[in-house]
Amino acid sequence: MENAAFTTDTNSPTNRGLKSLRILCFGDSLTAGYSGYGYFHYPYAKQIRERLKEALPTTELTVDVSGLSGDRVIDGLFLRRIQGMCEKAKDAPYDWILILGGTNDLGWSEKPEAMYEALSGWPDNPGFEVGGF
């Protein structure tokens with residue numbers, strides 16, 4: 001499962017003032033929900049959507065998933081993929097982007113500093129901030 005979307009529109013009176021919330025869950029096989037040797041995929045985005053749906057019942061909620069098994073942060077594809085996803089969504093940009101990447105890099109003995117540097121190389125999006133490891 002490389003890309004998926006989970007969308008809901010509910011109408012309860014208990015809302016925190018949001019009308020819509022768009023989230024991109026982006027990363028590698030952990031984001032895709034890889035399990036059962038690839039026979040099954042259970043993305044964590046499903047749980048995020050369910051919990052947010054409970055907390056923000058009147059919010060139109062979109063949770064997109066872009067997880068690619070084996071993807072590595074430092075090879076450049078990771079960054080190109082996320083830039084492509086944001087470019088596709090430029091008419092309706094994401095409010096939040098949750099990034100889970102680097103586990104494959106660690107498996108190949110890459111240093112966290114190299115992954116941080118690779119993620120920091122996103123100059124075209126001033127709203128993108130890289131968190132710590």
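This briefing walks through side-chain contacts, surface and cysteines in the structure above.

The model is predicted, so local features need pLDDT of at least 70 and side-chain atom pairs count only at pLDDT 80 or more, while totals for chains, interfaces and linings use all residues. Residues are numbered from 1 along each chain as its sequence is written, and side-chain values use heavy atoms, with hydrogens and water left out. The tally comes to two aromatic pairs, six salt bridges and zero disulfides.

**Aromatic contacts**

- Rings of Phe, Tyr and Trp (its six-membered ring) pair if their centres lie within 6.5 Å; planes under 30 degrees apart count as stacked, over 60 as edge-to-face and the rest as tilted.
- By that rule there are two aromatic pairs, and one of them is F26 with F78, edge-to-face at 4.9 Å centre to centre with 75° between the planes.
- F26 sits in strand β2 (residues 20-27) and F78 in helix α3 (residues 77-88), so this pair ties together parts 52 residues apart in sequence. Helices (H or I, at least four residues) and strands (E, at least two) are DSSP runs, numbered from the N terminus.
- Both F26 and F78 are buried. Buried means under 20% relative accessible area, exposed over 50%, and partly exposed in between (1.4 Å probe, protein chains only).
- F40 and Y42 are stacked, because their ring centres are 6.4 Å apart and their planes lie at 20°.
- F40 is partly exposed at 47% relative accessibility, and Y42 is exposed at 56%.
- There's also a charge over a ring: the charged end of R22 sits over Y94, 4.7 Å from the ring centre. The cut-offs here are NZ of Lys or CZ of Arg within 6 Å of the ring centre and within 35 degrees of the ring normal.

**Salt bridges**

- A salt bridge is a side-chain nitrogen of Lys or Arg within 4 Å of a carboxyl oxygen of Asp or Glu, and the count by this rule is six.
- D71 and R81 meet in a salt bridge at 2.2 Å, N to O. D71 is in the loop between β5 (60-67) and α3, with R81 in helix α3, so the pair ties together parts 10 residues apart in sequence.
- D71 and R81 are both buried.
- R72 bridges to E110, with the closest N and O atoms 2.8 Å apart. This one links distant parts of the chain: R72 is in the loop between β5 and α3, and E110 is in the loop between α4 (103-107) and α5 (112-120), 38 residues apart.
- R72 is buried at 19% relative accessible area, whereas E110 is partly exposed at 25%.
- E87 and K90 form a salt bridge at 3.0 Å, N to O. E87 is partly exposed at 48%, and K90 is exposed at 55%.
- Shared partners join the salt bridges of R72, D105 and E110 into one network.

**Surface patch**

- Y34, Y37, Y39, F40 and Y42 make up a nonpolar surface patch with about 750 Å² of accessible area together.
- Patch members have over 30% relative accessible area and no salt bridge; like charges are joined within 9 Å, and nonpolar side chains (Val, Leu, Ile, Met, Phe, Trp, Tyr) within 5 Å.
- Accessible areas come from the Shrake-Rupley method with a 1.4 Å probe; for residues, only the protein chains shown count as cover.
- Y34 lies in strand β3 (residues 34-35) and is partly exposed at 42%.

**Cysteines**

- The whole-structure search finds zero disulfides, a disulfide being a pair of cysteine sulfur atoms within 2.5 Å.
- C25 is buried at 0% relative accessible area, and C86 is buried at 18%.
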